[in-house]
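Please open the structure in your viewer and keep the selection tool at hand.

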Amino acid sequence: MARQTVVGKVGTVCTGIRGGDLPGEVRVVVDGIAHYYLGYAPTALAAGTEVLVINNRGARQVDVESWPPVPRAAPPGAS
């Protein structure tokens, strides 16, 4: 996979990122295939947090930042 392919993708934290130089594990789906990276962020991010990949360090290591989930539309008739 090209180094920049994953930049700009939204992924999910699988194993909590502890912040700074202490990574966690991030799952990113590219072309329908799940890829796992060591993810670094300036602050701690809990497992399950959606993240945006902002830099690829190479050797399956990426920099990420928290990404707000896209709100889902309520089904018709739901209130």
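Two rings of Phe, Tyr or Trp (its six-membered ring) form an aromatic pair if their centres lie within 6.5 Å. In this predicted model, a search of the whole structure finds zero such pairs.

Select tyrosine 40 together with arginine 57: the arginine lies over the face of the ring, at 3.8 Å from the ring centre. Next, select tyrosine 37 and arginine 60. Here arginine 60 lies over the face of tyrosine 37, and the distance to the ring centre is 4.6 Å.

Now move to strand E2, which covers residues 24–30, and select valine 26 within it. Is valine 26 buried or exposed? Valine 26 counts as buried because its relative accessibility is 0%, and the cut-off for buried is under 20%. Beyond its neighbours within four places in sequence, valine 26 is in contact with several residues, including Cys14, His35, Tyr37 and Val51.

The next stop is the largest nonpolar core, which has 13 residues. Select Val6, Ile17, Val28, Leu45 and Val64, the members with the most contacts inside this core. At least two core residues come from each of E2, strand E4 (50–58) and strand E5 (61–66). E2 gives the most, with three residues. In soluble globular proteins, nonpolar side chains tend to be buried together.

Finally, centre the view on leucine 45. Not counting residues up to four places away in sequence, leucine 45 touches Val13, Gly16, Ile17, Val51, Val64 and Ser66.

How values were computed: Residues numbered from 1 in each chain as written. Predicted model: local features only at pLDDT ≥ 70, side-chain atom pairs only at ≥ 80, totals over all residues. Heavy atoms only, no water. Helix = DSSP H or I, 4+ residues; strand = E, 2+ residues; numbered from the N terminus. Buried < 20%, exposed > 50% of the residue type's maximum accessible area, 1.4 Å probe, protein only. Contact = heavy atoms within 4.5 Å. Core = buried A, V, L, I, M, F, W, Y, C linked by side-chain atoms within 4.5 Å. Phe/Tyr/Trp six-rings, centres within 6.5 Å; stacked < 30°, edge-to-face > 60°. Lys NZ or Arg CZ within 6 Å of the ring centre and 35° of its normal.
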